[in-house]
Amino acid sequence: MPSNTPLVARASLSSIRVTPQKARRVVNMIRGQRADEALRIAKFSPQIAVSEDLYSLLNSAVANAKQKNPAIRDASELWVTEALVDEGITMKRYRPRAQGRGYQILKRSSQISVVLSDDKNYRKPTKEQARKLAAASLAAASEVVADEKPAAAKKAPVKKASAKKAAAKKTTEQGAK
């Protein structure tokens, strides 16, 4: 692995039973922080429902980073470069109301994803940058393959005989009687 490539570790959590609005309160506090500081914020934030799940998610991301690069000693070497909260599934429930009506209750859920990196200023490449990188690596790979083997002569395509339909025979019902 080249030294100029930053270490990137991801972790995600889906279908957490907290509304995205409430989850964003805590996630906005940890974005851009050192991973050890983010762990401390998640552990002691007053939004208990989110903070417990976010704390375990951050621990998972740190463990993923240590798995990728065993030289990382602890969470103080990593930064939270990206932290997102997206809307998950919404469960629809109904409460009985007056005169036989039903009142809809929406039980929302969230999906949280965290990206840790050893580079504080790491940004995910845009789709255009990713396409350029892929095209450049593909061109380099094709040059290597072209240097190794000469191009094989192409065979002429085989011509297939066209299928002819047999003429339908007319039967007369008078001759059968």
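Contact is taken here to mean heavy atoms within 4.5 Å. The model is predicted, so that local features need pLDDT of at least 70 and side-chain atom pairs count only at pLDDT 80 or more, whereas totals for chains, interfaces and linings use all residues. Residues are numbered from 1 along each chain as its sequence is written, and side-chain values use heavy atoms, with hydrogens and water left out.

The protein contains five helices and three strands, where helices (H or I, at least four residues) and strands (E, at least two) are DSSP runs numbered from the N terminus. Read from the N terminus on, the order of these elements is β-α-α-α-β-β-α-α. Among contacts between residues at least 6 apart in sequence, 72% join residues at least 24 apart. Of the 177 residues in the protein, 24% are buried, a residue being called buried under 20% relative accessible area, exposed over 50% and partly exposed in between (1.4 Å probe, protein chains only). The protein exposes about 13900 Å², of which carbon and sulfur atoms supply 52%; accessible areas come from the Shrake-Rupley method with a 1.4 Å probe, and for residues only the protein chains shown count as cover.

Helix 3 (residues 48–68) packs against helix 2 (residues 35–44) at an angle of about 160°, with the two axes 8 Å apart. Axes are lines fitted to C-alpha atoms, for helices over the stretch in contact, and angles run from 0 to 180 degrees between N-to-C directions. Helix 2 and helix 3 are therefore roughly antiparallel to each other, since angles under 35 degrees count as roughly parallel, over 145 as roughly antiparallel, 65 to 115 as roughly perpendicular and the rest as oblique. Their crossing is left-handed, a term used if the near helix is turned anticlockwise from the far one by less than a right angle, and right-handed if clockwise. In this contact, A35, A38, L39, A42 and K43 of helix 2 meet S51, L54, Y55, L58, N59 and V62 of helix 3. The residues involved comprise eight nonpolar, two polar and one charged, with Ala, Val, Leu, Ile, Met, Phe, Trp, Tyr, Cys and Pro counted as nonpolar, Asp, Glu, Lys and Arg as charged, and the others, Gly among them, as polar.

Helix 1 (residues 20–30) also packs with helix 3, at an angle of about 45° and with the axes 10 Å apart, which makes helix 1 oblique to helix 3. The crossing of helix 1 and helix 3 is right-handed. The residues in contact are K22, A23, V26, V27 and I30 from helix 1, together with V50, L54 and L58 from helix 3, and they divide into seven nonpolar, no polar and one charged.

In strand 2 (residues 79–96) lies T81, which is buried because its relative accessible area is 11%. Residues up to four places away in sequence being left aside, T81 touches V115, L116, S117, D119, K120, Y122 and R123.

Most residues other than glycine have a negative phi. In S15, by contrast, phi is positive, near 55°; S15 is placed in strand 1 (residues 8–16) and counts as partly exposed, at 44% relative accessibility. Phi of Q99 is likewise positive, near 60°. Q99 is found in the loop between strand 2 and strand 3 (102–117), and with a relative accessible area of 71% Q99 is exposed.
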